[in-house]
Amino acid sequence: MNIQSPKTPRAPVWLDADSGDFEVFRQIVSQQSDPADTPAAAEIIRNIPVYDGRSVDAASTDPARRQSLMEEWARVFSQGAGIIVIRQGIADHAVIDRASAIFEEIIAEEKRAAKGGGDHFAKPGANDRIWNSLEKHCLADPANFAAYYSSNGIALASEAWLGPAYQMTAQVNRVNPGGAAQVPHRDYHLGFMSAARMAQFPAHIHAVSPTLTLQGAVAHCDMPVETGPTMLLPFSQQFYEGYLAFSRPEFQAHFAEHYVQLPLEKGDLVFFNPAVMHGAGTNRTTDRFRMVNLLQVSSAFGRAMETVDRTRMVKALYPVLKGSRGFNLANIVAASAEGYPFPTNLDSNPPVGGMAPKTQADFLREALASGQDEGAFFAILDDLDRRNLS
């Protein structure tokens with residue numbers, strides 16, 4: 001069952017903070033998962049289908065079963081609860097423990113170096129983050145990285161939603177004892193923007209954004225509910241106005257009353273549509289450090305056709321644009337400068353003061369508005385390029 005928002009003779013092209021009918025949302029998230037839709041699941045817990053990692057491994061070697069399982073998961077992500085759990089998706093706990101030790105070492109090293117400081121949907125310092133744990137893990141112990149990402153659950157879930165050639169990224173999140181919950185939200189791309197910025201994108205982009213990424217998590221320790229595993233609201237990805245609407249009080253209140261938290265064990269995997277309303281829970285323990293490796297998998301299609309040296313273009317344009325009144329500067333900036341802050345290195349370019357760092361286009365607009373000296377502006381551009389490198 002997939003309930004859509006009421007159709008109008010001409011659907012709006014632009015959404016705002018008032019878009020989206022709460023009653024429609026309430027009906028959508030009141031659905032119940034039908035076991036007939038997920039025959040490969042071992043069980044359904046509070047609407048979330050749960051799969052056995054050994055069965056996933058067995059299916060991965062049989063082309064017909066592999067395809068059938070991915071079809072099932074794709075339907076769950078789009079038309080079903082939006083969430084799957086794979087029990088023991090990484091069954092070798094020695095692999096998990098070695099990765100955890102690596103992550104602990106990285107956290108300690110980065111604390112000594114005073115790296116980071118920014119975070120998404122939580123106050124800086126409320127937990128411990130490792131940005132780009134994917135690359136850092138690989139360089140620290142390639143053999144352990146290879147064993148870890150040999151997981152069939154990770155690969156099949158990613159391909160089921162994004163197809164082949166998907167791009168893996170990962171960030172470790174360690175919620176320490178007493179660590180507070182995140183604000184319930186949707187995720188990357190639109191979910192990382194301010195409401196004003198989201199509203200500038202037409203409604204069909206709000207529908208497309210969830211198809212560009214998949215959220216995942218690897219449990220690095222046992223996570224009873226009191227440690228604060230991710231709070232999830234099944235079926236909420238079907239409410240496409242949610243990027244803007246979910247910040248409204250009635251939506252936040254409904255989430256607080258109806259979210260689902262499933263206890264997880266070390267080696268379990270969770271994957272969900274990024275439009276599912278969710279947030280990390282509060283760690284109510286006094287002695288448990290809840291560590292997860294958050295997987296953010298991206299579609300290969302989120303890329304331009306050509307490689308463009310935008311820094312070189314902006315440097316060439318700046319003397320022409322500075323002080324000129326004969327051009328439409330906004331249009332020129334849009335055609336030349338990098339207007340999106342990602343991908344970046346979140347260690348050296350953290351989202352301090354917001355959910356995303358400033359873009360090259362932001363710096364260009366500021367320089368033009370203030371008449372900044374060319375040398376000073378070019379130094380800012382070069383520094384931004386350096387901070388974007390891993």
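The largest nonpolar core of this predicted model has 40 residues. Such a core is a set of buried Ala, Val, Leu, Ile, Met, Phe, Trp, Tyr and Cys residues joined through side-chain atoms within 4.5 Å. Buried means under 20% relative accessible area (1.4 Å probe, protein chains only).

**Core**
- Trp73, Tyr149, Ile154, Phe271 and Leu295 have the most contacts inside the core.
- Helix α4 (residues 93-112) gives the most to this core, with seven residues.
- Helices (H or I, at least four residues) and strands (E, at least two) are DSSP runs, numbered from the N terminus.
- Beyond four places in sequence, Ile154 touches Ile90, Tyr148, Tyr149, Met168, Val218, Leu269, Phe271 and Leu295 (contact: heavy atoms within 4.5 Å).

**Strand β3**
- In β3 (residues 83-87), four of the five residues are buried.
- β2 (residues 48-52) runs parallel to β3, joined by three bridges; pairing takes at least two DSSP bridges.
- Tyr51 stands opposite Ile86.
- β8 (residues 269-272) pairs with β3 in the antiparallel sense, over four bridges.
- Here Val85 stands opposite Val270.

**Asn144**
- Asn144 sits in helix α6 (residues 142-148).
- Asn144 counts as buried because its relative accessibility is 7%.
- The Asn144 side chain reaches the backbone oxygen of Val95 at 3.2 Å.
- Setting aside neighbours within four places in sequence, Asn144 contacts Val95, Arg98, Ala99, Ile102 and His137.

**Basis**
- Residues are numbered from 1 along each chain as its sequence is written, and side-chain values use heavy atoms, without hydrogens and water.
- In this predicted model, local features need pLDDT of at least 70 and side-chain atom pairs count only at pLDDT 80 or more, while totals for chains, interfaces and linings use all residues.

Key
Buried means under 20% relative accessible area, exposed over 50%, partly exposed in between (1.4 Å probe, protein chains only). A polar contact is a pair of N or O atoms within 3.5 Å; within protein, one must be able to donate a hydrogen and the other to accept it, and residues adjacent in sequence count only if both atoms are side-chain atoms.
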